[in-house]
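Q: Hi! Could you walk me through this structure in plain words?

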Amino acid sequence: MEGRMIAEAVRRVDALRRYVELKVLAGALVVVGCVWAFFGLAGEMLEGETHAFDSFVLLSLRNSGDLADPVGPLWVEEMARDFTALGGIAIVTFVTLAVCGLLWLMKKGRTMLFVAAAVIGGAIVSSSFKALFDRPRPDLVPHGVEVFSASFPSGHSMLSAVTYLTLATVFASTQAERPVKIYVMALAAFVAIAVGMSRVYLGVHWPTDVAAGWTAGAAWAIGCWTVARYLQHRGGIEPAPREVG
């Protein structure tokens, strides 16, 4: 009887190990796909292949009689400014500190440090890409908000994807209930998409800047999730609870 119990325990541990390894492998493959898409966009942008598409989208979002006026009522423009602020450094910093504080109160100090390092690292990568590609901002239409840096990739889009998706994936890994995980991830994805779309609507980024920001940010976030799962399995950070629901 005791031998069967030990054998069953060993079987379950081995099954859990294979499950974690498959998740890590799947995450790595998605990261590779996102990185490939990012550099594919970068190559097309550097060759000028995306200019016609970028220009078409930007001009489609403006009234033909007044390029300073985005399509839609005034409240849509104000809402776009509200959404774009969610990708700004001040809001991103506040949200990151808030989640880190919550993880600390939950006695997940190692996870808190991992989250902080992941977000800071993503911000550094975003700034490095901007300096590397140094693409000028759109000049077809007046800008709806002030801008201070290069255009490719969109810093707001990448930073929002890096921050909200990283926070969501790592925080979701601390939760046992599957509906909570799905809700947190869906909310993070919505915010990242809304921020990116607002940048194009306000005329401060080419659409390919935003697409590149999303792919790079998603690659970073999923990569962080993959590392987090591995560290949880190895005991490097607090383990994830058993999933229910």
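Q: Great. What kind of model is it, and how are the residues numbered?
A: This is a predicted model, in which local features need pLDDT of at least 70 and side-chain atom pairs count only at pLDDT 80 or more, while totals for chains, interfaces and linings use all residues. Residues are numbered from 1 along each chain as its sequence is written, and side-chain values use heavy atoms, with hydrogens and water left out.

Q: How many helices and strands are there?
A: The protein chain has 8 helices and 2 strands.

Q: How much of the chain is buried?
A: Of its 245 residues, 42% count as buried. Buried means under 20% relative accessible area, exposed means over 50%, and partly exposed is in between (1.4 Å probe, protein chains only).

Q: What share of the contacts links residues 24 or more positions apart?
A: Such pairs account for 79% of the contacts in the protein chain with a separation of 6 or more. A contact here means heavy atoms within 4.5 Å.

Q: Switching to charges: how many salt bridges are there?
A: The count comes to 4, where a salt bridge is a side-chain nitrogen of Lys or Arg within 4 Å of a carboxyl oxygen of Asp or Glu.

Q: Which residue does Asp54 pair with?
A: Asp54 forms a salt bridge with Arg135, and their closest N and O atoms are 3.0 Å apart. Asp54 lies in helix α2 and Arg135 in the loop between α5 (109-133) and α6 (155-172), so the pair ties together parts that are 81 residues apart in sequence.

Q: Are those two buried or exposed?
A: Asp54 is buried, and Arg135 is too.

Q: Now Arg81. Which residues does Arg81 bridge to?
A: One partner is Glu77, at 2.8 Å from N to O. Another is Glu78, with the closest N and O atoms 2.7 Å apart. Arg81 and Glu78 both lie in helix α3, 3 residues apart, about one turn of the helix. Elsewhere, salt bridges that share partners join Asp54, Arg135 and Asp209 into one network.

Q: Where does Glu77 sit relative to Arg81?
A: Both are in helix α3 (residues 74-85), 4 residues apart, again about one turn. Glu77 counts as buried because its relative accessibility is 12%, whereas Arg81, at 25%, counts as partly exposed.

Q: Last one: where is Leu67, and what does Leu67 touch?
A: Leu67 is in strand β2 (residues 66-70). Not counting residues up to four places away in sequence, Leu67 touches Leu59, Arg62, Leu140, Val141 and Pro142. The C-alpha atoms of Leu67 and Val141 are separated by 5.7 Å, although the two are 74 residues apart along the chain.
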